[in-house]
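Please look over the sequence and the structure shown here before reading the report.

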Amino acid sequence: MKTSIIVDYEKCTDPRSCKKCMQICPGALFICYSPDYESNDPTEWRVDVAFTDLCTRCNDCVDVCPLGAITIK
Ligand code: SF4
Ligand code: SF4
């Protein structure tokens, strides 16, 4: 079954101030981006997972997220 990692952006509204998922993922699969990569509005930034196929489903990102914003399916 293909892995999906879903980030709830209603909960994760300032990923650059947190970065916990990015720091803990053993495959460094999380990326952080904004529409123009230069936005000063923190709410325009998003974390998402690149290369989902490399996810080992270790669940570390789910466990570390202080806002419960990450779901793995
Ligand atoms: S489950 Fe593990 S490998 Fe997959 S994105 Fe989360 S921290 Fe990374
Ligand atoms: S750990 Fe959770 S709140 Fe922090 S950047 Fe990742 S998804 Fe957002």
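This is a predicted model: local features need pLDDT of at least 70, side-chain atom pairs count only at pLDDT 80 or more; totals for chains, interfaces and linings use all residues.

## Strands β2 and β3

Strand β2, which covers residues 30-33, runs antiparallel to β3, and four bridges join the two. Within this pairing, tyrosine 33 has arginine 46 of β3 as its bridge partner.

## The nonpolar core

The largest nonpolar core consists of 11 residues, and both Val47 and Val49 are included in it, as are Ile5, Val7, Phe30, Ala69 and Ile70. Strands β1 (5-7) and β3 each supply at least two residues of this core.

Cysteines also belong to the core, namely Cys12, Cys21, Cys61 and Cys65. If residues up to four places away in sequence are not counted, cysteine 65 touches Lys20, Cys21 and Ile70.

## The two ligands

Around ligand 1 there are 15 residues, of which the closest are Cys25, Cys55, Cys58, Asp60 and Cys61. This shell divides into 10 nonpolar, three polar and two charged residues.

## Exposed residues

Glutamine 23 is found in helix α1, which spans residues 20-24. Glutamine 23 counts as exposed because it has 12 other C-beta atoms within 10 Å, and a residue is exposed if that number is 12 or fewer. Although glutamine 23 and cysteine 61 are 38 residues apart in sequence, their C-alpha atoms are 9.0 Å apart in space.

Alanine 28 lies in the loop between α1 and β2, and its phi is near 50°, a positive value in a residue other than glycine. Alanine 28 is exposed, since 12 other C-beta atoms lie within 10 Å. Arginine 57, which is in the loop between β3 and α2 (60-64), has a phi near 60°, also a positive value in a residue other than glycine. Why does arginine 57 count as exposed? Arginine 57 counts as exposed because it has 9 C-beta neighbours inside 10 Å.

Terms used. Residues are numbered from 1 along each chain as its sequence is written. Chains are lettered from A and ligands numbered from 1 in the order in which they are written. Two strands pair if DSSP finds at least two bridges between them. A residue is buried if 20 or more other C-beta atoms lie within 10 Å of its own, exposed if 12 or fewer, and partly exposed in between; C-beta atoms are placed from the backbone. A residue is near a molecule or strand if its C-beta atom, placed from the backbone, lies within 6 Å of it. Ala, Val, Leu, Ile, Met, Phe, Trp, Tyr, Cys and Pro count as nonpolar, Asp, Glu, Lys and Arg as charged, and the others, Gly among them, as polar. A nonpolar core is a set of buried Ala, Val, Leu, Ile, Met, Phe, Trp, Tyr and Cys residues joined through C-beta atoms within 7 Å. Two residues are in contact if their C-beta atoms, placed from the backbone, lie within 7 Å.
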